[in-house]
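I opened this file to look up a few things in the chain and note them as I went. The entries follow in the order I made them.

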Amino acid sequence: MKWTGLNELRESYLKFFESKEHLRLPSFSLIPKGDNSLLLIGAGMAPMKKYFTGEVEPPRHRVTTCQKCIRTPDIDSVGITDRHGTFFEMLGNFSFGDYFKREAISWAWEFFTKVLEIPEEKLYVTVFETDDEAWDIWTKEIGVKESHMKRMGREDNFWEHGQGPCGPSSEIYFDRGAEHGCGKPTCGVGCDCDRYVEVWNLVFSQFNNDGQGNYTELIQKNIDTGMGLERLACVMQGVDNLFLVDTMQNIMKKISELTGVAYGADKKTDISLRIITDHIRSTVFMIGDGVLPSNEGRGYVLRRLLRRAARHGRLLGAHNVFLSELVDTVVQENGGAYPELREKLGTIKKVIAHEEESFSRTIDQGMAMLNDFIDKADSKTFSGESAFTLNDTFGFPLDLTKEILAERGMEVDEGRFLELMRQQKERARSARKDAGADAWKGEGGAVSGLPQTEFLGYTELKSASKVLAIIESGKRVESAGSGAEVSIVLDRTPFYGESGGQAADAGTLEAEGVTVDVVDVTRHEGVFLHRAVIGDGTLNVGDQVSAAVDPVLRADIMRNHTAAHLLQAALRKVLGEHVEQAGQLVNGDRVRFDFTHFSAVTPEELMQVERFVNLEVLKAVPVETKEMPIDEARKLGAMALFGEKYGDVVRVVSVTDGFSMELCGGTHMDNTAKLGLFKIVSESSVAAGVRRIEAVTGRNVLAELTKHIEAMNETARLMKVMNPIELPARAKQVMAELKEKDRQIESLNAKIASMNLEGVFREAQDVDGVKVVFALLSGTGPDALRALCDKAREADEPVAAVFAGVSGGKAVLTAACNKPAQEKGLKAGLLVKAVAQITGGNGGGKPDFAMAGAKDQTKLDEALAAVPGLVREQIGG
């Protein structure tokens, strides 16, 4: 048994099972596809559930993978101990109805003892207590001594997850030696000490559980094995934990280089080093698969990991943005096995740098507020309101607040925090229910057993097709009459099913005596569901129909989809290569394109992007579509959708002058000239680091121009301008006139206020030798209030003045304290802040002059009445 690097172990395992006629599949994305039950992939078999259940035919019945995984329940423990991590790689070999126990056991033993040359005396095996078959294979065929075998119960050696396929398992353990044991006479496999480490789990899926505790033999038996790559590396490298494995150590050494903190020097800094090492690895892989920081779902997990790592970087003295500097090292250690990391290197670094910069801007203020809350807390329980404020205002995830509090022996009122978050979401929720969706619920099971639909729509808009199934209210029916809302499955179709951000086609189905309006088309495992309303007559399963796509709508969609490709290429030219598609919707009305970028796109940049696209349109460049192996497409430089996984053969859409080349399964125009024109109508933010552009093409550009021309003509009429071209000059003139009138009104109000000032001073109160002046002056704006404060400060005797003005629907408070008043301890900033808080507002300023906003204008009288008392408190304080 010799020392072996982690990357070498991965390759050795996959090659071994390729030699056993397994198909090596690349790791699936961390983002689950078609499985809403998972937030992130957390097990090697998770992306292949449908192969196990038989819902989907696997590419081969023997498969091997090294699957990247994220598990988050133990985030709070990561770093505190050296046993927990959020990211790991799971080696696995799988059989879908092919080989079973004998081969799985034999090959596992061969890999360990022959390939890795692990001494047999170091290996121990467990089997399920009643699995005599596995016991006999291990002892009689493989030759494992019974002293190295152990039968264990259901909790340890039987895999099941509720109703469905399940079965016994066999686990292989590695004996690390007596020096790692507990010393008890009973010490052995299953002991809680660190001597025996489970390395490989072989699951024999041979039963079906009906959910009532009844088990029947499966016709198709499966093999599902899992071995943590990092744990295997610990064994082969003779180290105690994953943070000492070679690839992890190389990342940690880079952190030490940047922070000047060595691992092993101090227990407290070791925690921070482990946290950063784990979290930067997880976040690089997550962003590489298309996850972006947000406040919900997997985006929140990413943000939580990045911000936890950033905070611990600060604890190590890294006060500048530094996490992005670690990305190169992570990619260097992992890029050989995961080429997508190298492809997305620039984007990964930009996303991490932007998130860290964003958090850096608020963390100091947030920490100051957190410390203030802690100082004011009268118990060991931190209020949910305070935790919510930190989250809402400074972006402190609850978990970060909990971690900091735990370091000080406190805990948060999590129930109250969650209630406040729920209330906030309720207030923000504006999504409306799709009224038509209920008619087509629950179709997934109804298409079981149907063949995949042949799609003709790349070249044809009409076809002669056969009705294979009609689904109504989630159930298959033999026929449907006039007015019924149904989903129809055809053997072949020209209708594009919604996919890849492209909206579905619409159109008609016609047969003798029946017409059907197709309003939407979706896909389920290759079966196209034509969502439709029966017009006249009755449609029956088996009918021959004429399927026709609406050609006008299809042309509009194709224009917008081709425009989306041109738009992405133009954005990358203008903004930089970090731009990646983060979402897309192309329908008959417009193209909506979401992309990674970390600031608003300026008007000048938008004009430049629009110009690039329209130049391609005017050049009338042919657009070609070809199918080719994915490796060939990558060599040609075809853009792939961020985080998407593709098959071996892909469809490449190219604007033939080299302007754009993308992998795409959608429908497109065959020449850029057919777009007509391209016009951007809006640019906005949809999430941190994600921008959105909406644009129109063809007929919709004409509609957009007509709308703007009509608006301009109406504005010209209202402003009494003969030619709309003169509108800017007229608008500038009107604004200047209004500004002058505002200035005159303000000046008059100031004069009126000044005339009233003598009366206000006559009513001043004496508070401990300070003349206190306060008044509410309706119709008085900030400039006039400032002038009054200037006059108050000119007084020789100590004066403290507070004036409230209401103008244009807004209330403003100003305060002034002249030099003699300041010498008595008065400060205008503190005074106006205290007054404003009575109204629900806030503000502050310098000792001699300050301003604040008043929120509740009904409380202005109450706030002003409190001024003498506030002055007395300041002087007394």
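Entry 1, overall. The model is a predicted one. Of the contacts in the protein chain with a separation of 6 or more, 68% are between residues 24 or more positions apart. I then took the size: the C-alpha atoms fill a box of roughly 110 × 85 × 55 Å along the principal axes. The chain has 877 residues, and 50% of them are buried. I listed 25 helices and 35 strands. For the accessible surface I noted about 41400 Å², with 49% of that belonging to carbon and sulfur atoms.

Entry 2, charges. I looked up 105 positive and 129 negative side chains in the protein chain. The centres of these two sets lie 4 Å apart.

I found D131 in the loop between β4 (123-128) and α4 (132-142). Is D131 buried or exposed? D131 has a relative accessible area of 6%, and the cut-off for buried is under 20%, so D131 counts as buried. I next asked which side chain D131 joins by a polar contact. The partner is K101, and the polar contact is 2.8 Å. Setting aside neighbours within four places in sequence, I also listed R151, P168 and F204 among the residues in contact with D131.

Most residues other than glycine have a negative phi, so I noted the exceptions I came across. E21 is not a glycine, yet has a positive phi of about 65°. I placed E21 in the loop between α1 (6-18) and β1 (23-24). With a relative accessible area of 55%, E21 is over the 50% cut-off and therefore exposed. K720, also not a glycine, has a positive phi of about 55°. K720 sits in the loop between α19 (698-718) and α20 (727-762). The relative accessible area of K720 is 75%, so K720 is exposed too.

Why do I call strand β33 (residues 810-817) largely enclosed by the rest of the structure? Because seven of its eight residues are buried. I then went through the pairing. β33 pairs with strand β32 (residues 799-807) in the antiparallel sense, over eight bridges. Within this pair, I noted A801 with A816 of β33 as its bridge partner. The hairpin of β32 and β33 has two residues between the strands, and G808 in this hairpin takes a positive phi near 60°. β33 is also joined to strand β35 (residues 849-854) by six bridges, and these two strands run antiparallel. Here I noted A811 opposite A854 in β35.

I found V545 in strand β22 (residues 544-549). Last, I took a distance from V545 to P119, which is 426 residues apart from V545 along the chain. The C-alpha atoms of V545 and P119 are separated by 68 Å.

Definitions and conventions:
Residues numbered from 1 in each chain as written. Predicted model: local features only at pLDDT ≥ 70, side-chain atom pairs only at ≥ 80, totals over all residues. Heavy atoms only, no water. Helix = DSSP H or I, 4+ residues; strand = E, 2+ residues; numbered from the N terminus. Buried < 20%, exposed > 50% of the residue type's maximum accessible area, 1.4 Å probe, protein only. Contact = heavy atoms within 4.5 Å. Areas by Shrake-Rupley, 256 points an atom, 1.4 Å probe, with all protein chains shown as cover. Lys, Arg positive; Asp, Glu negative; His and termini not counted. Charge placed at Lys NZ, Arg CZ, Asp CG, Glu CD. Polar contact = N/O pair within 3.5 Å; in protein donor to acceptor, adjacent residues only side chain to side chain. Pairing = 2+ DSSP bridges.
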